[in-house]
Amino acid sequence: MSVYTELNSSDFTAILADYNLGQLHDFQGIAAGIENSNYFIITDSGRYVLTIFERMQAEELPYFMRLMKHLATNGLSCPDVMARHDGSLLFETNGKQGCIVSCLSGKTLDALNMAQLRSSGESLARLHLAGADFDEHRSNPTGPEWLAGKIAEVVEKTASIYGRDAAELLTDELTSQRALDWSSLPRGVIHGDLFVDNILFDGDQASGIIDFYYAHDAAFAMDIAITLNAQAVLLGDHDQQRMDAFLSGYEKLRPLQQQEREALPLLLRLGALRFWVSRLYDAIYPRGGAMTQTKDPEEYRRKLMFHRRKA
Ligand SMILES: Nc1ncnc2c1ncn2[C@@H]1O[C@H](COP(=O)(O)OP(=O)(O)OP(=O)(O)O)[C@@H](O)[C@H]1O
Ligand SMILES: N[C@@H](CCO)C(=O)O
């Protein structure tokens, strides 16, 4: 369920009055997604996605709007944010803020094949290149201090629910990661959450990247590690080939430096820890009502253990 704010046609008409997109023809709530309310809308000028932000920090929204606009105008296939008559990128309705973005073709997939992994890698490299001269900055909301704080909050409950081994793994990996310094790696704006539900495909070709609300400044190799964990690592027999396929696509556009290659095994561990911790937190402290959709923390414990056996 992903429509928390129910809009009727007069709400859409009032919103559209401030845009140059013509009259409303049709609208339809979008079922996927859990954070925001999303609608497909059709107007005289085409098909768009209208989002109402339900739980995001209002002061952060302008950064995300300008980032998407910047990436869309610099060669990435991603939602372009429509501007209102006065040039602003956000509207207000029912006491909440929202935006209208271009609708991308394609659909999300549950699992990617080798060709799709290559294409996804190429798209991530394009994102990193397109963001190069974006002059706004957001620090990592899930960096080492966040990790340490969240682990302190979940460690006891983790021990009682998932076993003492799990709790020890959390603190041990945190200690290892806190001793590392990635500040010399090439960096810029990263997506930060490029799971399979945030990339669209037309056949084997990635057709667009969505959902930039975890974007921030960090090492590009961190984004690669997060994406490899999310898209390529299935804990099966072909994971190395799957990761290689993604990396070969990425390197078509942005060859990795030696130091990035060397950092990857440890960043794969850091990326696994970061999502294990956020999933543990959501499982232990569920958010209320229909918005709750817990993703399995154990998947990411297993991914962390898999990478620790190798690095
Ligand atoms: N610009 C777009 N073009 C085409 N489809 C889109 C676009 N934006 C969103 N969608 C579709 O809407 C669905 C929900 O969007 P999204 O994943 O952004 O939801 P959310 O609730 O905003 O975020 P989250 O995934 O974090 O819960 C996507 O899976 C995709 O199918
Ligand atoms: N993609 C995240 C949830 C949103 O950040 C996960 O699968 O845990």
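Trainee: Is Leu-235 buried or exposed?
Mentor: Leu-235 is exposed in this predicted model. It has 10 other C-beta atoms within 10 Å, and the exposed class takes 12 or fewer.

Trainee: And where is the place of Leu-235?
Mentor: You'll find Leu-235 in the loop between α6 (220-232) and α7 (239-253). Its phi is positive, about 60 degrees, although Leu-235 is not a glycine.

Trainee: Okay, what about Asp-211, buried or exposed?
Mentor: Asp-211 counts as buried, because it has 22 C-beta neighbours inside 10 Å and the cut-off is 20 or more. Asp-211 also has a positive phi, of about 65 degrees, without being a glycine. Look for Asp-211 in the loop between β8 (205-209) and β9 (216-219).

Trainee: Switching to the ligands: how many residues surround ligand 1?
Mentor: There are 18 around ligand 1, and the closest are Ala-32, Gly-33, Asn-36, Pro-79 and Leu-104. By type, that shell has nine nonpolar, six polar and three charged residues.

Trainee: Where does ligand 1 lie relative to domain 1 and domain 2?
Mentor: Between them, because domain 1 (9-102) and domain 2 (114-310) both contribute residues to its shell.

Trainee: Nice. Which residues surround ligand 2?
Mentor: Those are Asp-193, Phe-195, Tyr-214, Phe-275, Ser-278, Arg-279 and Lys-295.

Trainee: How do the residues of that shell around ligand 2 divide?
Mentor: Three are nonpolar, one is polar and three are charged.

Conventions
Residues are numbered from 1 along each chain as its sequence is written. Chains are lettered from A and ligands numbered from 1 in the order in which they are written. This is a predicted model: local features need pLDDT of at least 70, side-chain atom pairs count only at pLDDT 80 or more; totals for chains, interfaces and linings use all residues. A residue is near a molecule or strand if its C-beta atom, placed from the backbone, lies within 6 Å of it. Ala, Val, Leu, Ile, Met, Phe, Trp, Tyr, Cys and Pro count as nonpolar, Asp, Glu, Lys and Arg as charged, and the others, Gly among them, as polar. Domain bounds come from an automatic or database domain assignment. Helices (H or I, at least four residues) and strands (E, at least two) are DSSP runs, numbered from the N terminus.
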